[in-house]
Every structure is written in structure tokens, then in C-alpha cells.
Amino acid sequence: MLSRLAQNLFWTGRYLERAESTARLINATTLLLLDMPRQTEFDWRALVEIVGADDAFAQRYPDDSEASVMRFLVADRMHPSSIASALAMARENLRSARDLVPREVWEEINGLHLFIADEGQHIERRLARSRVMERVVHSARQIAGMIESGMSRDAAYDMLTLGLSLERADMTTRIIDVRSSDLLVDENSDLRPYQTVQWISVLKSLSAFQMYRRHVRVRVTGPGVVRFLLADTAFPRSVRFCLQRASQRLSRLPAPGRCSASIDAAMHVLGDADLSTLKGHRLSEFLDRIQIELNGINNAIQDRYFQH
Amino acid sequence: MNQLWQDYRSPGFFDEVFDDSGQPRPAANALVRYLGEFSTQEIDSRRMAADLSIKSMGITFTVYSDAGMIDRAWPFDVLPRTIGRREWDRVREGLQQRVTALNLFIADLYGKQQIIKDGVFPREVLAQSVNFRPECVGVRPPGDIWAHICGSDLVRDGAGDFYVLEDNLRVPSGVSYMVENRLVSKRVFPELFAQSDILPVDDYASELLDSLNALSPRQDVTPNVALLTPGVFNSAFFEHVWLAGQMGAELVQGSDLYVDSDDCVYSRTIFGPQRVDVIYRRVDDAFIDPEVFRADSVLGTPGLMRAWRAGNVAIANAPGAGVADDKVVYAFVPQIIRYYLDQDAKLPNVPSWLCMEDTQRDHVLANLDSLVVKPANESGGYGMLIGPRATPGERDQFAQLIRRNPRNYIAQPTLALSTAPTLIENTARPRHVDLRPFIVSRPHNDAFVTMGGLTRVALREGSLVVNSSQGGGSKDTWIVEDDLGGNEG
């Protein structure tokens, strides 16, 4: 496997997962609003914060309206992490490496890229938007299925999966981060009964609600969800699971050395924390810490395999 | 018959599907009958299905323009072009003969140059050839094959006879579209494939891989074959990825390779250096090795020629093979065939005038308004003059070009290229076509020829320009098993 193509596949995985996670986030948020009291002031900027693009957004959009935020997150090609941009980058990376993945994977990514370029404009109305987001998630799931069932477990698979796993871990921390802080401003306000609904929406945005119910078997609470999504060993979108998966793929690649060490370090950070007591500001700091670790893993992989 | 074929006539030209009396030719019988039952809506929905397939399959080509690179959907006409099996077999033999002779010719030019000593091929033509590479003199590539892959452009004249228009021996492209076109037409007209004997085209990549493997300098291990591409901005990048994928070869760029002090070629992989045995290069000679050719090239790999000359890597097509990809050499091909094989050419050349010869040049200059003038070393339809369509100013300009550099030009009569029914606003209209089959050469005068080839079609009415970079389209090409008489089941 050429270093250059390894890099292409790693980033195809990251961008594809970024597009899917963003679509999940938008859909879950839109659905959540339907459950909220009508006069609730919803802060759409929170979604921009999740993807870490506050400054870019502020520079280009005059207001924080739902329409602006949606345009920015879905269709704005000037924003490198919008769904349209992520899919364009996934396609561009895969273009050079398309002979390494099953043909259907390329066709689906290509089709999804074309779809979002057309339909990404029609997202102001919530009904249309949720259809578009569902298609993105659905396609991404289909692609994942084609990769799982159609790809030999070779270096190409390892690189693609590595990118997917890291991005997924990263997006999971981001989703928890914003939800945990201040979606609904005051815990003692009238909105308190809606706290549970919010955490359910977090779970739902990650397709985690059912599995949480089955495996945690207590009512949905903030700390319960945080622990489940960060440290559960069995749920495929938990940060720990993603790290384990990345670690497995790495162990099959030649001399992973520092890359494996950086994953171990992230696992330790996760293992040492008392997750049930983390709340508010301290939870945010902790999530930042995990994101820094994830970044370290990314850089270690970059240095080890993509220098050419 | 329905609206599709209604009033279809192509007066003055040989039509691929209908004969002069308006009856379908035998190879097109099933096709005409079948599509004749389609309603206009049905035709339109199949056309849309084809467009959608091409878009979703991501079949594209890249066009250079002022605005930069554009990745365009591959232009495809749903109506296939048909040729009978027996006729095709004759064409195939002609192509085999031709590339065999061309390979002997190239090997001779880089060896003893006997054909020049014997006075059959003029030394001054070689002296002025821009694609002759003195760096290749004395090299003996495996099996003495230089032009491993050849794409020859064929046309029919008004009488329906096939002629060779040119031989592309450098980096001919189009074969991926030939195979993809078939895939699209199977998706669009599955019923037709069940009803007629259309010969398959999809074994090209396997044939090519076998031939490339056989070139490996290390026959004791499974060879590592790499396809060298200039990169995503190349107009044929789609094809490079496609071929690499079909063959299971590594798709590399020049910077992915390096030549070590042992004069072997290695690729930079995540497992460390990996030796490369065979390179199918889709980069022009001039760019493959900045140590030997253009020093400013970033597309190549320094030292590649060193490794090749040492016999540590095979390169297809061999550097220097383009010497025979020259419109002036083309004019000599009938003599070349006679010289090396002692045979008459089975496939004729289009009559050509060499501007380097005084009397022929005078004829060309006096008849610019009826001739097509081509530069010796251009491809893609660039830099040529179509006399009858040109303005007097353009013709004057070309007359000057010819006088300044006569060696660089040949002229041919304007051909009455054959036509094939092409879907224009839901009805069949005659449009001019050519055909590019691909020939893979192997040692011992063996050559594989694709079943048919890529049919290119000039989509504008009356136009003769079929190049996709200039508004041409393409068709699936069906070689149809001839009806042997009777219905034996």
C-alpha cells in the first residue's frame, strides 16, 4: 500500500464519518425541538460550536438563525466541515484510491456527493431537511456495510477503518460536549423535565438509545449517558469502542510503535476518570482533554505512515 | 416502425446500421426490430437511465479549459453500433499484422536500422522525428516488444471499407470507456443481450495483465505491476484508476517511486520500499525521467531510464515507441509491412500526401480547400486543418506552416466517414463515427485485439470531429455473431 494512498483512504474514512455524524446531529436536534415547549429559545449556535467552527461562522453569517446555521453546516462549500464539503473531500480522496475499495463504495459516495450538491439547498424547511439528513445517514450506513462485507482485511481496510474510528470518537465527544453544557440554560428552570428528553436526543443522534436501554437498564440520566458514550466497551459509537477498534487495525499495520502508544495513552485518560461525577465545566474540560489525545493519535499516524 | 427509425436516411454515406435500401444490415437486425417496438417515452426513459448510470457510476473525463479542469460526465449515446463477426475477424487480422510490423520496425530503428540501409525508409524522416529517442538505441526490451499497447483509429469510407486513420502508440486511451459503455448498455437494454449473440468485451484487463506480468525481470516471484499516472488532473485519470483496479495493479505517481543505487525501482509504501517489476506508464516519454528527458518534469521518477536500460524494470509502452506514432511514419506503414513480413497490408491506409516531398506538397498546397492537413505529432484532433470547413485565412495560415516545416505535415482527402444512428431528441439521426480498437502485443508475433473497440461519434450534425475533448460522444460497439442460416437453436 502506497503511503500516499494510505493517506487518501484514512481521510476518506474521516470525511465520510464527519458527514454522517453531522447529519445525525442535525436530525436529532431538529427532532428534539418538536418535543420542546413552543416558546423555547433554542441556541442554534451550539451546533456550530460542536464542530468547532465558531469563528468561521461568525465571519460569514450575520445572524444565528436556524437557516444560517443549517446552510453553514450542510451546504456551505466555504466551510470545510460542512456535509457538502466533507463529502466532496471524501470523494476527492477516494478518487485516487477508488481501485482499492469495492466499486459499489465509490458509486455510493459519488452518488451521495451529487445528491447533497443538489438537495443540500433545500434544507430550510424541517421536513425536507430531515429527509436529506436521513439519506446521508442511510447512505453512509450502506457504505459501511459494503466495506464490512466486501473488503478484504488488508491495509486499505485498516486505513479506512482507522480514519472512520478516530473521526467517530471525535464526533461523539463533541456531541456530548455541547449537550452537556448549556443547551437549556438553567437546571432549576421550568425546563427541567426536558432534561431527560435532551439526553435521549443525544442517544438518538448516535443511534444509541435502544442499546442504552438494553445494557444500562436505568432511566436515562446525564451521567449515565456520558459514561455510556465515553466508556462503554460494547457500543460501537462509544469513544472507548472506537479506540479499541482503531487499536486493532493499527496492530495489523507494520510497526505502529508510537501510534499504538498514543492510543494507550487516550485509553488511560478515559480509564482514570470518574465519569459519573463529571459535570458541567469539568466535563467540558475532560472532553477537551480527550480531543487533544485523539489529535495526538492522528498526528502519530500521519508521521508514521504518510510521510512520503 | 416507430418514431425512432422513422425517416432515417444517411444519403451519400455508408451507414453502420441500415443499408442503402433502408433495410437493417444483418448484424443490426435484432437491434432495429427490438427498438422499433419502443414508444418515444420508452426510448427517452432508457436514455435517462443511461445518463443516470454514467453519473452515478462516476464515469468521467477531464477537460482542459480556460476555467481550469472540469470533470465531465462521459458522453454516451444509447444506440449501439453493430459489426458482424466475420467482418470483424478480417479487421482483427489486419490489426495484428500491422502492430507486428510496427514492433519490428521500432526494434529495427533502435537496433541495426536495416530498413534505412535498405533504402525503404528515409533516414531524414527519422532524423527529424521528435519522438525518436537516441537514449533508447541499443536497448533490447523483453521479447523485442516496444509498442505493447496500441490504439488504432479506423474509419470507413463511402463504400464501407475500413481504413486505418492513425496508430496511437504512445499512451492511447479509451479502453475503459469501451468496457464501461458495455456495462451501461447492459443496464439499459438487458433484454437485447438475452436475445442476440453479442460478443463480450470485458476480458481486456486480464489480457493486459497477463502480458504485463510476462515482462517482469523477476520470473521467480509474483511480479509487482504498477500503473504510472500523471495524476488526477490528467484527462484520462478515470481510465488510469479503472485499469489499475481491474488489473489489481498499484496506481502510482512519479513521486511514489524512486530508483535506488542498485538501479532497481521501488515504491514508497507503508511497509517500506517495495520493488516494482513492470510499469505500465500513462505518462509521455518526455516526462518519465527528469535525469534523461525534461529536467523540469515533476511527473516522472529520476533514474527510471537507468533501471530500464539495466533490465531491472519493464516499461510499457517502451520509451521511444512513439517514434512510430507519427503521421509521416504512418504513410510508410504499407511499405513497412511488406519489408518485414513480406505481405500486403490487409487493412489499407487512408491515402496520404507527404508535404516533405516536393511534388506531393505542391499538390497539397494547391488543394487545401478539399484536404485534411494533420501535424505529424499531435493527437486529440488538435492542430489540424479541415480544408472544406476552414476559412481562406485559416488555409493561408496553414500554407505558411507547411512551407516552414514540411516534414511536420501530411494531408489526406476529406473522407466520407460512415454514419450510425444516434439519438438526437428522441429520434435516430445519422452522425459520423470512427472506431478505436486496442491491440496488446506479445512476443512471437502474437497480439490480442479487443472485440470491437471504442466507437466515437461526432454529435453535431455533419461534424467529423469525434474527440471527446471537442464535443464528441461514444457508443457501445457490438460485434454480433453472424447468423449462420437456419435456426439451430
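**View 1. Ile279(B) is a buried residue of this predicted model**. Its relative accessibility is 1%, and buried means under 20%, so Ile279(B) counts as buried. The residue sits in strand β11 of chain B, which covers residues 278–281.

**View 2. The contacts of Ile279(B) beyond its sequence neighbours**. Neighbours within four places in sequence are left aside here. Asp342(B) lies 63 residues away along the chain from Ile279(B). The C-alpha atoms of these two residues are 33 Å apart.

**View 3. Helices α9(A) and α11(A) pack together**. Helix α9 of chain A spans residues 194–205, and helix α11 of chain A spans residues 222–231. Their axes are 9 Å apart and form an angle of about 15°. Angles under 35 degrees count as roughly parallel, so α9(A) and α11(A) are roughly parallel to each other. Their crossing is left-handed.

**View 4. The residues between α9(A) and α11(A)**. From α9(A) come Trp199(A), Val202(A) and Leu203(A). From α11(A) come Gly222(A), Val225(A), Val226(A), Phe228(A) and Leu229(A). Seven residues of this contact are nonpolar, one is polar and none is charged.

**View 5. The largest nonpolar core and a second one**. The largest nonpolar core has 241 residues. Those with the most contacts inside it are Ile83(A), Met159(A), Leu229(A), Leu35(B) and Ile106(B). A second core is separate and has 12 residues, among them Leu368(B), Ala390(B), Ala399(B) and Ile402(B).

Notes:
Residues numbered from 1 in each chain as written. Chains lettered and ligands numbered in written order. Predicted model: local features only at pLDDT ≥ 70, side-chain atom pairs only at ≥ 80, totals over all residues. Heavy atoms only, no water. Core = buried A, V, L, I, M, F, W, Y, C linked by side-chain atoms within 4.5 Å. Buried < 20%, exposed > 50% of the residue type's maximum accessible area, 1.4 Å probe, protein only. Axes fitted to C-alpha atoms, helices over the stretch in contact; angles between N-to-C directions. Helix = DSSP H or I, 4+ residues; strand = E, 2+ residues; numbered from the N terminus. Parallel < 35°, antiparallel > 145°, perpendicular 65-115°, else oblique. Left-handed = near helix turned anticlockwise from the far one by under 90°. Contact = heavy atoms within 4.5 Å. Nonpolar A, V, L, I, M, F, W, Y, C, P; charged D, E, K, R; others polar.
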